[in-house]
Amino acid sequence: MKILPDLSHMDKPSRMRWLMITFGFLATVLNYVHRLSFNYLSADGELRAIISDEAFGYIGTAFFIAYTVSNAFSGYVIDRLGTRLGYALCMAVWTTAALFHAFVITPLQFGIVRFMLGIGEAGNWPAGTRIAREWFPPHERSLATGIFNTGSALGAVIVPPLIAFLGVKYDWKATFLILAIFGYLWLVAFWFTYYTPEKALKVNKIKDKVIPPVTLFKTRFLSMFTLSKAFLDPVWYFVTFWIGRYLVDVHGWDMKKIGFYAMLPFIIADIGNIAGGYFTQFIIKKGIPIPKARMLAINLSAGIMAVALIAGPFIINTPITALIIFGIVGFGYTSYTANALAIPADVVPPSATATVWGLACIGTGIGGAIFQSVSGLSLKFMTVNHTYDSAYSILFFMFGAAAIIGLILQSLMGPLVKDKKLEAYVKGE
């Protein structure tokens, strides 16, 4: 049965939807600025002397353990509190954690503040999916989620030059303090601007029965979705977390050079957010059913990631070709995410969309924690007898294999249509 776009529920979407999704976009930019600033500051200079490759991997693991824990409840909390309060609470937590980076000096202390950062940052995407669901009709949601998720790649674009400038002009402590100010400014603006549209408010007020996480995980959709993210999402964190150290260790770049050139892969990745969302919207308008369009898009995106990573060690012969390969991998991931973010609203009742995304991102946290530790340990032991170039080639192959596994698992989610059993559950039938 074809599931064609249903445009009847929102004949005249409010123009305010673009302002509201812009808040999600800006929050995602800040999310990545706060997340990645430590990675670049510790790639070279004073912090590099404190943070070894092994310690860096473990600190990344601390972040993802927190990310896992937070995803277990952040989506549920946001669904219960509502978008305005839930999103504001997430921003307050992660911005304060980012601020605390300025007051710690040991790997253990950095691990603690990175853990706090992960607790707050995990709620960004469940909250963003609620904005898309509250303000946009189904056929626009991939584009809407692509727009707000563009902030991840744009944040990654901004970080290298921003950190290079601030780190050189001031120091790493002052840099963390300055970056935190922007989070608090967003918090004030969002709190006094955001509201839920009347039609979505009526839907939210319907006293649907709350679906327990255990019930959701029993569905093939969520279990496979979660497992697939455990392998696909760490690919993006390989690009964003390790690119600074890769450029220092393999190509001998310093922070100034990284600040100028490391924007390239994330500019390419940024295109993927819009291209992935628009591609799906385009083929839906051409008559392809929404479930098939979404699945085609996410599988194609995962394939791009896998091919680029596996081919990377054979193609890379200069720093620029390395940056292009990282960019293609990022393009595949962001185009995947633009569509993956829209999937929960296609399958589960409105009252569970943020919950489902948060639960699925438990896979992100578990995969991220494991792959970060493995990456750090691999570099530590392999560089004893081999060059950094050879050691990183192994990581390229490892993450390429992870992308293939993720592609297979997401293909097992089943048809991306409304789950009638969950719909009946929330109605108490």
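Predicted model: local features only at pLDDT ≥ 70, side-chain atom pairs only at ≥ 80, totals over all residues.

Trainee: At what angle do H3 and H5 pack?

Mentor: Helix H3 (residues 53-81) and helix H5 (residues 107-121) pack at about 30°, and their axes are 7 Å apart. Angles under 35 degrees count as roughly parallel, and H3 and H5 are therefore roughly parallel to each other.

Trainee: Which hand is the crossing of H3 and H5, left or right?

Mentor: Right-handed. On the H3 side the contact includes Ala55, Ile59 and Phe63, and on the H5 side it includes Phe110, Arg114 and Glu121.

Trainee: How do the residues of that contact divide?

Mentor: Into 13 nonpolar, 3 polar and 2 charged.

Trainee: Now the core. Which residues of the largest nonpolar core touch the most other members?

Mentor: That core has 124 residues, and Tyr40, Phe110, Trp186, Phe221, Phe238 and Met413 touch the most other members. Helix H11 (residues 220-251) gives the most to this core, with 16 residues.

Trainee: What does Phe238 touch, beyond four places in sequence?

Mentor: Ile243, Leu309, Phe326, Tyr392, Leu395, Phe396 and Phe399.

Trainee: Is Phe399 buried or exposed?

Mentor: Phe399 is buried, because its relative accessible area is 0%. Phe399 is found in helix H18 (residues 388-410).

Trainee: What else is Phe399 in contact with, leaving aside neighbours within four places?

Mentor: Besides Phe238, Phe399 is in contact with Pro234, Val235, Leu309, Phe371 and Ser375. Leu309 and Phe399 are 90 residues apart in sequence, with their C-alpha atoms 6.9 Å apart in space.

How values were computed: Residues numbered from 1 in each chain as written. Heavy atoms only, no water. Axes fitted to C-alpha atoms, helices over the stretch in contact; angles between N-to-C directions. Helix = DSSP H or I, 4+ residues; strand = E, 2+ residues; numbered from the N terminus. Parallel < 35°, antiparallel > 145°, perpendicular 65-115°, else oblique. Left-handed = near helix turned anticlockwise from the far one by under 90°. Contact = heavy atoms within 4.5 Å. Nonpolar A, V, L, I, M, F, W, Y, C, P; charged D, E, K, R; others polar. Core = buried A, V, L, I, M, F, W, Y, C linked by side-chain atoms within 4.5 Å. Buried < 20%, exposed > 50% of the residue type's maximum accessible area, 1.4 Å probe, protein only.
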